[in-house]
Each structure stands twice: as C-alpha cells, then as structure tokens.
Amino acid sequence: MKPVISDDPQAIFAKTPFTRLIGMQRDYSEGGKAQISLDPHADLGNVIGAVHGGVVVTLLDVVMASAAVSRVDFQKTVVTLNLDTCFLAPGRGPLTAQGEVVTHDDDVAWCQAKVSDAQGQLVAKAHGSFRYLPRPQ
C-alpha cells in the first residue's frame with residue numbers, strides 16, 4: 001500500500017481507497033466539525049439485514065478524523081489512538097455520521113461522534129482520540 005497524497009489536502013478523502021470502497025460521502029468538514037453520509041449497498045449488510053457494525057464504527061472513526069483535520073485546516077493528517085463505541089440500534093438505510101473536536105492540543109484531538117438513520121434514530125455514538133501527523137508528501 002502507498003500513502004494517499006494530493007496537492008489539495010481536502011481531496012484526500014475522495015481519493016482514499018477504503019472510503020471509496022464503502023461509499024462514504026463527506027458532506028462537510030470545517031472548523032473542527034464534520035458530517036459524512038452513507039447510502040449503504042447490500043455488500044455492507046449483516047445477518048439481521050442491517051449495516052454491519054464494522055461499517056458503523058468506520059463511519060464514527062472517519063467522521064471524527066475528518067473533524068480533527070479540519071481543525072488544522074487540513075495541513076496535517078491524523079491516526080486513531082483510541083475509539084470507544086456504543087451501539088444503540090441497528091443501522092438500516094441511509095446513515096449520517098456527525099463528529100466534532102471536543103478539545104485538543106498541538107499533538108492530539110479528542111472527539112465525539114454519532115451515527116443516525118434517515119428517521120433521526122441514533123444508531124451509535126463514540127468518542128476517541130487522534131494523533132496529528134504530517135501529511136504524506
């Protein structure tokens with residue numbers, strides 16, 4: 001695997017193979033807040049006919065990371081240090097993840113996020129910490 005690089009740091013999200021594979025769309029990412037949407041395809045399902053929990057966790061992780069990099073105007077990237085997730089309901093149909101930076105220092109951003117379905121039902125929530133790193137060049 002190779003790092004994802006771009007002259008436009010905001011374009012990295014759309015170039016990342018895993019987010020493209022899942023089908024995530026970044027609605028916005030600015031000022032320490034972000035929103036990502038997903039209209040799941042059948043390959044993302046689990047045995048009960050809902051979106052697989054691993055996909056939901058990925059939404060939570062990516063939306064918090066997106067919020068964290070927006071706080072530094074996309075001049076750095078982040079890696080996840082920890083992620084604590086609580087599932088509240090099966091995720092069915094289109095899902096929306098919202099995340100925000102709660103606090104930060106120069107090295108780490110502490111974030112929170114939630115995933116809701118199209119009816120506004122809370123599917124999962126999480127909090128995590130993310131280490132800032134230089135963007136790959």
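**A sheet, a helix and a buried glutamine**

Let me start with Gln35, which is buried, at a relative accessible area of 16%; buried means under 20%, exposed over 50% and partly exposed in between, with a 1.4 Å probe and protein chains only. Before going on, a word on what we have here: this is a predicted model, where local features need pLDDT of at least 70 and side-chain atom pairs count only at pLDDT 80 or more, while totals for chains, interfaces and linings use all residues. Residues are numbered from 1 along each chain as its sequence is written, and side-chain values use heavy atoms, with hydrogens and water left out.

Back to our glutamine. Gln35 sits in strand 2; strands here are DSSP runs of E, at least two residues long, and helices are runs of H or I of at least four, numbered from the N terminus. So what does the side chain of Gln35 join in a polar contact of 3.0 Å? The partner is the side chain of Gln98. A polar contact is a pair of N or O atoms within 3.5 Å; within protein, one must be able to donate a hydrogen and the other to accept it, and residues adjacent in sequence count only if both atoms are side-chain atoms. Setting aside neighbours within four places in sequence, Gln35 is in contact (heavy atoms within 4.5 Å) with residues including Tyr28, Val63 and Thr96.

Six strands form an open, antiparallel sheet in the order 1-2-4-5-6-3, where two strands pair if DSSP finds at least two bridges between them. Strand 1 (25–30) and strand 3 are the edge strands, each pairing on one side only. Helix 3 packs on this sheet and touches strand 1, strand 2, strand 3, strand 4, strand 5 and strand 6. The direction of helix 3 makes about 140 degrees with that of strand 3; axes are lines fitted to C-alpha atoms, for helices over the stretch in contact, and angles run from 0 to 180 degrees between N-to-C directions.

Looking at the pairs, strand 3 (residues 76–87) is joined to strand 6 by 11 bridges, and there Asn82 stands opposite Ser129. Strand 5 and strand 6 share nine bridges, with Val115 opposite Ala124. Their hairpin has four residues between the strands, and Gly120 takes a positive phi near 85 degrees.

What about the nonpolar core? That term means a set of buried Ala, Val, Leu, Ile, Met, Phe, Trp, Tyr and Cys residues joined through side-chain atoms within 4.5 Å. The largest one has 34 residues, and Val56, Leu59 and Val115 have the most contacts inside it. Helix 3 (53–71) is among the elements that each supply at least two residues, and its share of 11 residues is the largest. Leaving out residues up to four places away in sequence, Val56 touches Val51, Phe87, Leu95, Val115, Val123 and Ala124.

One last stop, the loop between helix 3 and strand 3. Asp73 lies there and has a positive phi of about 50 degrees, although it is not a glycine. Phe74 is in that loop too, with a positive phi near 60 degrees. Is Phe74 buried or exposed? Phe74 is buried, with a relative accessible area of 6%.
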